[in-house]
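Please walk through this protein with the model open beside the text.

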Amino acid sequence: AEFSRLAYKRIETIEAHKAELNAALQAAGYGPALPFVGRSLLRGRDFWSYALGAINAEGTAIVAFRGTQPQNLSNVLDDIQFWPRRWAGTGRVHRGFLRAYEGLREQIDAWLDEHKPARLVITGHSLGAAMATLMAARYPEAELVTFGSPRVGGRGFAAHFAGRTVRRYVDCYDFVTNLPPPIWFRHVAEMHYVDRHGAVHSPPPGLMARVIDRIRADLSYAWKRTFKRGSVWFRTGADHAPINYVAAVLGKRVGP
């Protein structure tokens, strides 16, 4: 969860972020972060997708993908290009998510070929979770841990994850986890559901229990936070925030 949050640090352009990130990794027993920066040309401008990699002395490598940056037009375009397309594996996947991942694939593959880690964990939040899912489909030995992930592919793609180690966290009212609509797209694993108080449930409660929990969450948030200075106006947006996933996994959630 913390790797997924730290992936938003702009270490590729901001030195202070780089120092902060590497200090956090060192405290956790990992070496310095290696940034992977994807670039694609669109109408004469560069647009970016991003991930970071780090490895510890025991040979555990983590690849964490950054989620959507609203000011990054490329990220927004990747999010909305939802019509399915074929890829190298079985089934079809979200066109935009695949475009974002393909901009990083060769760099990450080369890094893993060089280090040959004993254990590989792939993670990310939001768009980062979608790219992490695509990468994990190519690395069957990897563990996949996602936060606020949208749906990435159809039934054929989801079949890649049968019997795999996958932890897909959904924070209560997080709207991104309901996108794209399930008319064709499917999630790759059963959710780890975070209730309105921040408790993680696996397996998740039933549909009706989740609906009631989300209604109560929305009402509580509207009463205590909506229109308050410094707050996201709607619970569904607040539940998507990376820090709220970290707090839930740590059991330290506070607030409505």
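Which residue in S10 does Val194 stand opposite? The model is predicted, so check the spot on screen with that in mind. Val194 stands opposite Val200 in S10. Two bridges join S9 to strand S10, residues 200-201. The two strands run antiparallel. They form a hairpin with five residues between the strands. In that hairpin, Gly198 takes a positive phi near 95 degrees.

Now turn to the other partner of this strand. Strand S8, residues 166-171, is joined to S9 by four bridges. Here the strands run parallel. Val170 stands opposite Tyr193 in S9.

What about the faces of the strand? In a regular strand, side chains alternate between the two faces of the sheet. S9 covers residues 191-194, and both of its faces are covered. Met191 and Tyr193 lie on one side, and both are buried.

Take a closer look at His192, which is found in strand S9. Its relative accessibility is 14%, and the cut-off for buried is under 20%, so His192 counts as buried. Arg155 is 37 residues from His192 in sequence. In space, the two are 20 Å apart, C-alpha to C-alpha.

Next comes helix H9, residues 242-250. Its buried residues include Pro242, Tyr245, Val246, Ala247 and Ala248. What covers them includes S8, S9 and S10. Helix H1 (2-6), strand S6 (119-125) and strand S7 (143-147) are also among the covering elements. Just after H9, Gly251 takes a positive phi of about 70 degrees.

Finally, look at a helix pair. Helix H4 spans residues 95-115, and helix H5 spans residues 127-138. They pack at an angle of about 55 degrees, with their axes 10 Å apart. H4 and H5 are therefore oblique to each other. Their crossing is right-handed. On the H4 side, the contact includes Phe97, Leu98, Ala100, Tyr101, Leu104, Arg105, Ile108, Asp109 and Leu112. These meet Leu127, Ala130, Met131, Leu134, Met135 and Arg138 in H5. The residues of this contact divide into 12 nonpolar, no polar and three charged.

Note on methods:
Residues are numbered from 1 along each chain as its sequence is written. This is a predicted model: local features need pLDDT of at least 70, side-chain atom pairs count only at pLDDT 80 or more; totals for chains, interfaces and linings use all residues. Side-chain values use heavy atoms; hydrogens and water are left out. Buried means under 20% relative accessible area, exposed over 50%, partly exposed in between (1.4 Å probe, protein chains only). Two strands pair if DSSP finds at least two bridges between them. Axes are lines fitted to C-alpha atoms, for helices over the stretch in contact, and angles run from 0 to 180 degrees between N-to-C directions. Angles under 35 degrees count as roughly parallel, over 145 as roughly antiparallel, 65 to 115 as roughly perpendicular and the rest as oblique. A crossing is left-handed if the near helix is turned anticlockwise from the far one by less than a right angle, and right-handed if clockwise. Contact means heavy atoms within 4.5 Å. Ala, Val, Leu, Ile, Met, Phe, Trp, Tyr, Cys and Pro count as nonpolar, Asp, Glu, Lys and Arg as charged, and the others, Gly among them, as polar.
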